[in-house]
Amino acid sequence: MQNEGGTVPASAREALSRLSAAGYAAFLVGGCVRDSLLGRTPGDWDITTAALPEQVEAVFAGERIIETGLKHGTVTVLLEGLPLEITTFRTETGYSDHRHPDAVAFTPSLTEDLARRDFTVNAMACSLAGEIIDPFGGQADLGKRIIRCVGDPYKRFEEDALRILRALRFAAQLDFEIAPATAAAAHALRGSLELVSLERIAVELTKLICGPAARRIITEYWEILAVPLPELAPMAGLDQRNKYHCFDVLGHSAAAVEATPPEPILRWAALLHDVGKPACFTVDEEGRGHFYGHAKRSGPMAREILTRLRFDHDTVNRVSTLVELHDYPIDPPVEAGVPDSLDKSQTDGLVASRMPSPTSAASSAEERAIRKLIGKLGVEDFFRLLDLKRADSLAHHPDYWGRVKACDRLEVLAREILAQPPCFRVTDLQIDGNDLIALGYPVGPEIGRTLNALLEAVLSGELPNEREALLTKCKRR
Ligand code: ATP
Ligand code: MG
């Protein structure tokens, strides 16, 4: 089997040939077959075999073996550093909890093993000789770019509700349509997603929103996504009633998702950046819609949603901070000054699209704002914030894409600042509390106040971050 990413790795071939030399049928299966036929590089190389788990262990005696899920028939073998999941042909029955089979039975039949798999494009196997075993029309569906359940979609989604989200996730990742009967069953049974663990849902949602067709899937299937994310429902159909927007709040958010680089933190931030808008919606006398304070509201909502989905603290913090700051004007016009507090309440204004001319006053105000934000967010998330702002802008009416240029300019400025010796926090100053004590300052709060004042002076460009200059500034007369 050939693909653009190269051929099947030598260790996967080696595993197939060792199993067949020992008399057991063995095939590559699932995602790696699908991705290879599509010319994509597979993430992992799974093997399905007639050998029972203890027979697999005997064939690979002497190799590193991890007993991943022995009772379900899965053994992971590390060959030349590559982990290979080797699973015995099996059937599954029961599913009384709509998620896990009540019973798993090993079978000598490859076709039975393929029949338990979720979608036709995931239910193909490939022999060592390169023969594709495809009893459910997976290749035809790959050609038509369709996600279709193996067998009756109602039955398959009733067995395991996670498959509903997996259908959306594969459609988003592969840019496929979902077959009409599969889509209808997914809609009808969406409520059963309530029974699926939130961790599993979060994994599928993250893969979905990082997919190239995420925007289409979010807008087409939001009613399904609103089962684990009920906050999306009031965003759908909410006409923003202002000249800046040509989509409803959900359509705008989905467009912002598409416009961000496909990595989880940014894509979650884009999806949730306006989640507080429905609660902040007002209409003025002229009939114009406003969302005063929406970013401040969206930040805590994003925190609550991601915490509920059991994301780790770091992800929750990063995403909710980006959401809270998405509207923060980094490049205010000179007369507006730079807010000292990042907690200043936000409006839906597109201040940043009014590009200040690069006068020295403007650039020093910007420089200060950039340094402050880098100090608060760190370099990585500062650039993420610019990406989020660019995406937010591109998801507005095309007349209001000006912020993209403003962000590009801020990025250039930020890179210039970063090329200089760093000073974003009190600890970056070239002097510390001990120096102040040596100058005669009493131990106590005045030390902290003085260091903060020095930092402000350095951030605003009033003082260089040099030891002599800082010491001279705070010498006591
Ligand atoms: P990825 O590139 O995301 O790893 P994949 O197709 O390999 O895609 P996995 O979740 O790793 O997806 O699952 C491996 C295979 O196991 C699938 O291709 C499918 O055949 C089968 N499978 C996984 N989860 C399910 C499920 N919930 N129901 C039925 N079959 C499943
Ligand atoms: Mg996989």
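Ligand 1 sits in the largest pocket of this predicted model. The elements that give two or more residues to the shell around the ligand are helix 2 (31-38) and helix 7 (162-174).

**Around the ligand**

- In all, 15 residues surround ligand 1, and the closest are R34, D160, R163, R166 and R169.
- Sorted by class, the shell holds 11 charged residues, three polar ones and one nonpolar residue.

**Polar side-chain atoms at the ligand**

- R34, one of the closest residues, has a polar side-chain atom 2.7 Å from an oxygen atom of ligand 1.
- R163 is also among the closest residues, and one of its polar side-chain atoms lies 2.8 Å from a nitrogen atom of the ligand.
- For R117, a polar side-chain atom is found 3.1 Å from an oxygen atom of ligand 1.
- How much of ligand 1 does the protein bury? Taken alone the ligand exposes 590 Å², and the protein buries 78% of that.

**The largest pocket**

- The pocket that holds ligand 1 contains about 1400 Å³ of space.
- There are 39 residues lining this pocket, and those closest to its centre are D46, E85, R116, R166 and R200.

**What builds the pocket lining**

- Which elements give two or more residues to the lining of the largest pocket? The helices are helix 2, helix 7 and helix 9 (198-209).
- The strands on that list are strand 4 (46-49), strand 5 (64-69), strand 7 (82-88) and strand 8 (90-93).
- By class, the lining of the largest pocket has 19 charged, 11 polar and nine nonpolar residues.

Terms used
Residues numbered from 1 in each chain as written. Chains lettered and ligands numbered in written order. Predicted model: local features only at pLDDT ≥ 70, side-chain atom pairs only at ≥ 80, totals over all residues. Heavy atoms only, no water. Near = heavy atom within 4 Å. Polar contact = N/O pair within 3.5 Å; in protein donor to acceptor, adjacent residues only side chain to side chain. Areas by Shrake-Rupley, 256 points an atom, 1.4 Å probe, with all protein chains shown as cover. 1 Å grid on protein atoms, 1.4 Å probe; cavity = no way out; pocket = protein on both sides within 12 Å on 5 of 7 lines; lining within 4 Å. Sits in = over half its atoms within 2 Å of the grid points. Helix = DSSP H or I, 4+ residues; strand = E, 2+ residues; numbered from the N terminus. Nonpolar A, V, L, I, M, F, W, Y, C, P; charged D, E, K, R; others polar. Points joined across faces, edges and corners; volume = space filled by probe spheres on them.
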